[in-house]
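Please look at the structure shown below, and then read the report that follows, which begins with one residue and goes on to the place where two chains meet.

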Amino acid sequence: MLTALELIGIAAFAASGALAAVRSRLDVFGVIVLALTTALGGGTIRDVLLDVTPPTALVTWPYLAVAGGTGLLVFLFHPTVAKLRRSVLVLDAVGLGLFVTGGTNTALALGAPPYAACLVGMTTGIGGGALRDVLLREIPLVLRREIYAVAALAGAVIVALGDHLGFPPEPVAVTGSVVIMGLRILALWRGWNAPTAPKLDGV
Amino acid sequence: MLTALELIGIAAFAASGALAAVRSRLDVFGVIVLALTTALGGGTIRDVLLDVTPPTALVTWPYLAVAGGTGLLVFLFHPTVAKLRRSVLVLDAVGLGLFVTGGTNTALALGAPPYAACLVGMTTGIGGGALRDVLLREIPLVLRREIYAVAALAGAVIVALGDHLGFPPEPVAVTGSVVIMGLRILALWRGWNAPTAPKLDGV
Amino acid sequence: MLTALELIGIAAFAASGALAAVRSRLDVFGVIVLALTTALGGGTIRDVLLDVTPPTALVTWPYLAVAGGTGLLVFLFHPTVAKLRRSVLVLDAVGLGLFVTGGTNTALALGAPPYAACLVGMTTGIGGGALRDVLLREIPLVLRREIYAVAALAGAVIVALGDHLGFPPEPVAVTGSVVIMGLRILALWRGWNAPTAPKLDGV
């Protein structure tokens with residue numbers, strides 16, 4: 001089940017990157033490259049930091065297929081996908097939750113101390129989106145939306161705390177993921193009512 | 001012969017970075033820093049992904065000398081070099097060809113599966129130029145010109161396929177490089193006739 | 001003493017990142033994220049290049065505490081800190097000096113040849129600020145202010161030369177750091193009198 005959710009997370013990040021690329025008027029290959037970068041960038045940074053070589057994201061073909069295929073589908077059907085913006089943001093929250101908790105657990109399993117594992121986990125979840133925004137010349141979302149970094153931190157701390165207390169990792173990871181998703185989705189709900197101009201409320 | 005071509009590729013990438021820096025009105029040291037980053041960035045990313053430590057580009061002094069020297073020459077003589085823009089773009093295609101095939105071969109030799117080797121090879125060829133554009137606040141060329149990523153992918157696939165079929169690596173690498181260079185140069189020819197405003201047709 | 005200075009350098013880099021984030025109107029978490037990135041980014045790049053895993057910056061909690069705490073203090077008191085701009089730039093010079101010489105020494109100790117150690121040392125000192133500027137969509141300072149790269153190079157060469165001649169590392173590192181700080185502070189003094197519009201003379 002976690003693997004299926006992981007692939008959903010990759011697809012969600014890939015879709016967010018591809019949609020951003022379509023909005024920047026990139027061609028089909030630019031869209032696919034950005035989908036791959038957004039979906040696999042965070043995990044690649046994690047593996048480089050933890051010395052997992054070659055990075056898991058590059059040698060696991062289902063990751064590549066899902067990320068690239070999602071990018072292609074978004075390019076082909078983006079008028080439809082754009083209408084699914086809420087769904088994409090929700091899936092992005094799912095991806096953030098799974099990537100942060102998965103990255104934190106990976107770091108803990110490789111012997112990193114808890115605070116380092118939290119940092120690595122946050123980087124795993126945030127890195128792909130930051131690469132997407134830098135490549136498209138935008139200030140990364142994580143720097144502009146406070147609830148993004150806070151949600152990631154909360155989930156990472158839950159995983160590290162659960163590990164410290166000897167709790168079984170699976171339910172702890174699920175709890176951390178749900179907290180991240182909940183905080184992000186709450187923030188999106190709150191954002192819909194916030195006094196920012198709706199027209200400027202882009203991804 | 002391949003080593004000579006490799007140094008030509010480094011010089012070409014360094015020249016592209018230095019010219020872009022001159023156009024952004026950077027001073028001489030900014031130009032040299034950007035020449036080094038463009039020429040050596042892709043190989044450094046490759047070595048980090050494949051855990052070759054320290055990165056080859058940093059410990060091979062001819063690479064540093066050629067990249068830095070090219071940057072200095074471009075700064076000193078850029079009115080002349082700017083007239084050589086076509087030659088630089090052709091040399092950039094040569095560099096892309098050699099870097100992609102070389103990066104793919106390096107990854108295969110270190111045991112990466114074929115699809116991962118293709119990704120690493122493409123990253124080797126594309127990474128330096130992407131760093132150049134991000135540092136100068138431009139959307140990377142690879143995201144804006146479709147034939148760039150496609151050409152790199154075609155060459156990488158040829159190398160991985162040749163390796164899978166047991167062909168000798170040298171002629172396969174030359175074939176892959178020639179395909180990349182040919183596609184890029186064809187795209188440049190086609191681009192000269194494309195309906196984009198010539199004044200906006202910068203590097 | 002060197003450790004105290006190292007923490008001062010981290011605090012100075014964190015303050016420069018946080019101030020830049022405040023000026024870009026980021027919220028408190030964006031400010032802290034940018035403070036951490038600026039203060040710890042250069043050392044993390046160094047450790048990735050030299051295969052020190054996990055990166056020292058991520059597993060040394062005083063670094064994290066000082067960088068994050070400085071970011072928070074800057075956010076809370078930035079009207080005051082902004083008046084301390086000269087002090088921050090001076091502290092940034094201190095950080096640059098210590099990071100470049102420390103990074104060069106680390107690379108030499110791990111067996112890198114002298115010219116590679118200089119490159120790694122310069123990257124250690126320059127990397128964090130470059131990440132800060134890229135994330136805020138600015139062309140990195142090192143590309144725009146010639147004395148930045150030159151000062152870093154001078155300090156790195158002093159350390160590598162001292163190592164080559166068998167001098168004891170501590171006084172050599174102090175000398176290199178003082179040279180970097182002196183060159184940067186001289187450049188700042190000179191810049192105050194240079195014919196650039198004072199209003200545009202931002203960090």
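## One residue and one interface

Leaving aside residues up to four places away in sequence, R132(B) touches S16(B), G17(B), A20(B), L34(B), T38(B) and L141(B), where contact means heavy atoms within 4.5 Å. This is a predicted model, in which local features need pLDDT of at least 70 and side-chain atom pairs count only at pLDDT 80 or more, whereas totals for chains, interfaces and linings use all residues. Side-chain values use heavy atoms, with hydrogens and water left out, residues are numbered from 1 along each chain as its sequence is written, and chains are lettered from A, and ligands numbered from 1, in the order in which they are written.

R132(B) lies in helix α6 of chain B, residues 114-135 (helices, H or I, of at least four residues, and strands, E, of at least two, are DSSP runs numbered from the N terminus). R132(B) is buried, because its relative accessible area is 5% (buried means under 20%, exposed over 50%, and partly exposed in between, with a 1.4 Å probe and protein chains only). Its side chain makes a polar contact of 2.8 Å with the side chain of S16(B); such a contact is a pair of N or O atoms within 3.5 Å, and within protein one must be able to donate a hydrogen and the other to accept it, while residues adjacent in sequence count only if both atoms are side-chain atoms.

The second topic is the interface of chain C and chain A. The area buried between these chains is about 1800 Å², and carbon and sulfur atoms give 76% of it (buried area is the accessible area, with a 1.4 Å probe, that two parts lose on being put together, summed over both). F29(C), L58(C) and L135(C) supply 27% of the area that chain C buries against chain A, more than any other three residues.

| Feature of the interface of chain C and chain A | Value |
|---|---|
| Residues from chain C | 21 residues |
| Residues from chain A | 20 residues |
| Salt bridges | zero salt bridges |
| Polar contacts | two residue pairs |

A salt bridge here is a side-chain nitrogen of Lys or Arg within 4 Å of a carboxyl oxygen of Asp or Glu. On the side of chain C that touches chain A, the elements that give two or more residues are α2 (28-49), α3 (56-59), α4 (61-83) and α6 (114-135) of chain C, and the largest share, six residues, comes from α2(C).
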